[in-house]
Structures are given as C-alpha cells and as structure tokens.
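Here's a quick tour of one protein model. Have the viewer open and follow along.

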Amino acid sequence: MPPATGIPLTIKNKKYMRLLWLTLIFFIGSEISAQPLSYYLPKEFSYDSSIPVPSKIIGHEVGEWHVTHDRLVQYMRAIDQASDRAILIETGKTYEGRPQLLLIFTSPENHKNLEKIRQEHVKLSDPSQSATLNTSDMPAVLWIGCSIHGNEPSGANASMLGAYHLAAAKGPQMDSLLRNTVILLDPSFNPDGLNRFASWVNTNKSFTSVTDPNAREFNEMWPGGRTNHYWFDLNRDWMPAQHNESQNRLVYYHQWKPNVLTDHHEMGTNASFFFQPGVPSRVNPNTPVKNQELTGKIANYHARYLDKIGSLYFTKEGYDDFYYGKGSTYPDINGSIGILFEQASSRGHAQESINGLLTFPFTIRNQFTTMLSTLEAVRNMRKDLLDYQREFYVNAKKEAQASGVKAYVFGDSYDASRNQELIKILLRHQIEVYPLKNAISANGIGFNPGSAYAIPLDQPQYKLIKGIFEKSLMFKDSLFYDISAWALPSAFNLPFAELSSWNSSNAGEKISAVSTQKNSLAQSDYAYAIEWDDYYAPALLYQVQQKGIKTKVATVPFESSTTDGSRKFTYGTILIPLQSQTISPAELYSALSELQSSSPSKMYALRSGLSESGVDLGSSSFSLIKKPSVMLFSGPGTSANDVGEVWHLLDQRYKIPASLVDVSSFGQLDVSRYSVIIMSSGGYPSLNKESQDKLRDWVSNGGTLIGIEDAVNYLSNHGFTKVGYKKDSTKMDTVSVLPYASRTDARRAEEIPGTIFDAELELTHPICYGYHNQKISIFKSNAIFMDKNNSPYNTPVKFTAKPLQSGYLHKKYSAMAGNAAVINIDAIGKGRVISMSDNPNFRAFWFGTNRLMMNAIFFGEVISAR
C-alpha cells in the first residue's frame, strides 16, 4: 500500500515505513503497560534535570518491560556518576558472576563524614559505648531491599524510581530527609533469579497485549525465577547464610546495622497489598514488644500513602515474624525493624485478576509508594528508632546477666570441619566465639581444648544467640508461615551444652576468622588410610578416585601402626593400598600428598598390612568402592528447592559432578553411565511405565537409587520398594464442632511446618559410617512416617520412641513418629533402593545429616539389602 503522500517507495522509504509501522504496533501493544514517569512520582516534588531518568539508560519506560539485571546495574551506575548524593558499592558477586550493588544516599555534607557517621551509628549496638551518644544529632539508617525472589520483580523495578527520586528530587523536604538519614538501596537481592525471570516474561510478551492468566507469559517454566543459581530461596538464608548473596549482604548489614530494613515481595495475582505488622500471635517471643509497636506506627505511614493513590491493602493476616532467617524478621533480632511488603503480582506485564486488570506499572507504583512512606516514617521517627536500637542492646545485656544460662559450649572431637562451619555462621552475625582453654564437663558431655568452643551469653548479640540456639515446644499459635524450629547445634549434630556459670579464664583468644587446617602426609611403602570422620572426607575421597586411584572401605574396625604411632580406625575408613594401583608408589605418594595439603580430612601412612588388632588389610572386610557417577532427576515434577539442595551439596561442598536430567528426558538416556540416581522430592508424573521399567532394570543391574521425601511415596506406590507407612491412630473428636470460618486454619495446623526430631543410628551400617554418637537430629517438614523394613538390618536410621526435640507437632503425629523409620533399604536384583523420609540437605545448613546422603552415594554398592 503506497503512502498517502504519494512519495515513491524507495528502498530507504520502505525501511522508514516499516519502522514506522513497527513503532506504531509497539506503541499500541505497550499502551496497556507503559506509563510515563509522572505516573509514579509524587506531585509535590520537582526534579533535577541533570539526573538521568531511567528510560534514558535502560531504553524503555519503567514497567514497559521487565528490567534485566544488566540494565538495572547500568542505571544504578549512571546515578552514581550523576549525583553527589549517592555512592555505589559492589558488595560481591553471585554464583553466575553478576554484581551485587548497594547505593548509599545521603546529603553531600554527610557523605564527607560518612565513615564517622557509620562508626558512631554502630556504637548504638554496643552498651559499653552507646550511653554517651546523642541521638538527637544522629542520622537514622534505612536499608531498602528489593526482590529477593527474582520472579517478584516489582520491587527491583521500583528501585530505579527510588534511586531517581533520592538523587533528583528537590526541595526542603528532600533536604531534610537526606540530612537526617542514610539510605542503603539494594536494587536486587537476587540478581540471578531476577534476570532469569525478566528474560522469561520479556521473551513471551506479545506486542498485542495478552492478559489471559493461562498465557505462557504468566506461567514460567521450571525452576522459575524465584530462586538463585542453585534454586535456593534466599529469603530463608539470612540466618544460615550459606550462599554468596547472603554472605556478601551480611557484611554490609552489620557494617551499618540499619534501624529499618524493608523487604519488597510479591504474592498471588488475586490479592492486594500487605505490609506489616503480621499476625500478632506468631511473633517470635525473642522479639521485643517495642519492635511491634514501632512497626505499627510505621504502618500508619504506609496506610496514608496507599490511601492517597487508592490502593487496597491489608495487615495482621497471613504473614508472621517467627523464623529469624527471613529478611523481614532477621532485623527484629538485631535491634532493627524489619518490614515485609507483599504486592499482588502481575507475573508479567498485565494480567486479569478478580480485582480487575493488574498491570506491572501498578505493582511497581505500590512498591515505590511504600518506599516513599518508609522514607517519611524513618525521617519523622528518627530519634525513636535510634533510641530503640540503643535500648535493644542495653536490655539484651541485662537479660543476659539475669539469665540462668551463662554460656553455650559445643564441639565435636572427631570432626573439626563441622565445628568450623558453625563458627563461620556465628562470625557472620558478629557473635563472639572463643576456643576452650581448659577441659570441662556439662550434661554428661566432655569438652576439650582443641575441639570445643564457648559462646558467652553476656555479649551484644545475646538476643540473636538465643534466637538461633534455643529449642522450644510451646507456642502461642499452631500456624507458621515458615519453619517452627532451627536450633543450630541440632542442625550441625554437634555435642552441645548450656553452662550455668562461665569464667572467662576458660577461654582462649576470641576467634576473628576461620582458617582451614593444613595437613601433611608421610610416605608409606604399604598403604594409606583416610578417616571418614571429617565433614569434607567425601571431597577428599572423590579427588583421590578422580586420579584413578583404587580405594576400599573398612566395614569393620581395625588398629594399625602408622608413621604417627598406633591408631584405631573405625567403620568407614578409606584404605588406599599400594598394591594393584596403576601408578608407581612415588607417583601415588605425590598425588596423595598434594591432595592432603589442601584437605582438612586426615590421611595416614600405614606401615604394614598386619593390624595390631582387628582385621588385617588384606581382609575381605575391606570392600572396593568405585568413583560414583551421579544422575539427579530435575525439571517439572520435581521440587526445585530440593533438587537444588542436592546439586549445591555435591557441586559446592564436595566438588562432585552431578548430571541434572529432566524427568521427561529419562526415557531417551543411556543410563548405564550412572552408578547413582537421586530422586529428590517430587511427584514424577512424566515418569511413564516404560521409564519406570528402565529405572527398575538399571537398579537390578547394580545401581543405587536414592529417594527423598515425596519420592519415597512414588517409589513405594510403583513397586520399587516395600515401604509401608504408619497410620494415624487418633480418634476424631465428633463432639466439638469448630466454626466454619476456622476450617482453613484447622487444616493448616495439621501440617508439619519444620520440626526437629531425635533419631537413632545403627553405627555399623554403611549409611551411618563416620558417625560416633548414636543419636542424631533430623529435620522433618512432611507427614511421611515409614514403618521399619521387614529385615532388622535394613532400617539403619529410625526415630526414637518419643522423638520430638523442638518445634510444633500436631497431636495426631505423636504416635506415628515414635520408632518410625527414617531410612529404609530395599533390594532389586543386584542393586538397592534407599528411601529417606526426610531431607538430609535442608537449606544447605543442616550439616549434621549431609553425611547420610554422601554415605548413600559412596557406599550404596557395599550395602547388602538381603
């Protein structure tokens, strides 16, 4: 069709007209979601034209497209370059190498004295220094944190508006804000997840707007963008701090110790907007009442600002402040106020909802509006917040001095690495830890210098120590937004005791950092042995096997002469004989010596094959173990979190490659290359009959199949195991009738939200090699209670008769839990199926049960399931 002007369509004009039509189509298609900057910004401010607006840097209006992380970084760097109110810090990098940023906004005058301001501020958390501080003259510190769940992107997109407003807004109100506050803006808590999600929704966006909730744009593929690279929920990692993103963030959190931290999230599309306070009965009892009072006062600001733009919202429902591992709750135990914001999610650019059409710009505006309300609240409540922070730590010291418990002591004499990993967590939270100088005994446990550590409770972080160490069985409420128990000594399965008295003379110098122990190896003319006690022994074993070195495992104890003297070796000791290796003794020693120098696991040079007691080294009680080749089911039908936990464990901790294979692809694979297949929790609907037969044949030919949590149900339902389940024997109360309105809560109260159980180990079984204490703490978050296997030898781990150790448990499960099997083993042909009712890799911080998983991987082939 020729142009209306009658101008001839030259090649140049044709290109022009095509561009014009594409531009017009783009404008029409984007109209529903594109909004000018004026849609978001408050009308009472004027803005400095020298500060770049977001569209000049990212190439589109805020909310027109989902900002990718690289463009978000570009904009924050542009703000840093253009404004004397901001400095940008790169706090670290994610697993995928994306930068984590923190922009610090305050007045130019404050920037000149920023380090002095910071140093004075953190004195508020030290009762020995805080009394002399004049809070009338101190700026308050606010941390604005965005989109820790990558597929909840309105917060990160709103961060550009926040940065622009703080850098460009003019007038007395802004001058006062910048003079009286230091604002730390974290534009993306989860860069990898944010970028993954932005790529999905932008790729699937139609130029003609599609708002149908069934459309691909709103239904991202597995694993989705919520999580980080290893598919972990970073909003549960503030306390465990096992991931790069969390560890990098905590350094700056404690450098500044903000008075308020906001945590911008999203929820279901048909909701409205939530801000704290949450459910009053679900506040952790270690959180001061004053914290909730201040949270309530800040809420009034949010309400007023959202009222102004006509947005619906709710408070005191659904969400709580119980688990201290979340971004909105961790500050509450650190003298701060954590604020959770939850915005109904468009999950794309514009989606139909029960409240009408929900657009991405609308979700961004609500998030930005509550950033503004928080800024005003912090400015107006500045002195109250500063005084509260000082009061929090003063009161914590008083509570510590009045407490009947004066110190905690912990330490495993067999496993230095687990001790060190716990200490790393404590140091990240600025908790003081000391090595024991003198041996002590408490609760029937002996703690010795060199392997035991003390945490005196009379220190500034007393409240946090209490919040992450104590156990509880009493709760005001039976519902939990997250887990109900997380005591770190249980998570690490460490000997632990409370001390009613503490003398500082029992402590060595305060630990400031953890360094890996360096070991050396003497040369042997006969064999070497690796003790299986240390947490990182599996990493050393795999490195040895990777070099083609043959290895065996001791299935019985023995005592042997070493270059360090006579030593008793127990179940699970790894034997490396010189005989039958493909390399010379000198080459073997060189390889092992190099590996030993970088491993905390101890290796010994054995002098002779004749043992001083127990079996000799040529005994058939030493079973050959091959290098495992691991396949891990993933993709739709599996739990991304659970798969990610196994992946992270193998990849990061033990440097063992695992092939992640989608369930739907299994039927096309050559599975003969794998010796171990792991089925993390999931329903596995796409594992059809043909694939099931293939998997069964693989096990029958000698493979080790490990099923975890819901996968246990799948395997038993499809004939892979003979696992049976305990039944609920409680009688239904037919007398009392609950109100209809409470039906949802009543059902949720029957869930197991995350509870700690006591279990018993059969220490001579290969699944339990490396453990020395018969008791172990198991984290349970499901209602799977297995009967013990028919063979008494094939249930190596079971709950005790009364296993509840800490956390909430509905009464219907009490009888079911007692003596239930935690791990069962079934034989199929030459192979075996290992069923684990509970997750041994929970959130990467349940170190105490990781060994069960690694034993199943390495020693599955030596287990007799007959």
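## Ground rules

This is a predicted model, in which local features need pLDDT of at least 70 and side-chain atom pairs count only at pLDDT 80 or more, while totals for chains, interfaces and linings use all residues. Numbering starts from 1 along each chain as its sequence is written, and side-chain values use heavy atoms, with hydrogens and water left out.

## The sheet

Look for an open sheet of 9 strands with mixed pairing, in the order β27-β26-β28-β29-β34-β33-β32-β30-β31. At its edges sit β27 (658-662) and β31 (775-780), each pairing on one side only. Neighbouring strands are turned by 25° against each other on average, direction ignored. Strands are DSSP runs of E, at least two residues, and helices are runs of H or I, at least four, numbered from the N terminus; two strands pair if DSSP finds at least two bridges between them.

β30 (755-761) and β32 (797-806) run antiparallel, joined by 5 bridges. Leucine 761 stands opposite valine 797 in β32.

## Helices on the sheet

Helix α21 (710-717) lies across β28 (676-679), β29 (704-708) and β34 (831-836), at about 120° to β29. Helix α24 (850-859) also packs on the sheet, touching β26, β28, β29, β30, β31, β32, β33 and β34, and its direction makes about 155° with that of β29. Contact means heavy atoms within 4.5 Å; axes are lines fitted to C-alpha atoms, for helices over the stretch in contact, with angles from 0 to 180 degrees between N-to-C directions.

## An exposed methionine

Methionine 474 is in the loop between α15 (462-469) and α16 (488-492). Methionine 474 counts as exposed because its relative accessibility is 71% (exposed is over 50%, buried under 20%, partly exposed in between; 1.4 Å probe, protein chains only).
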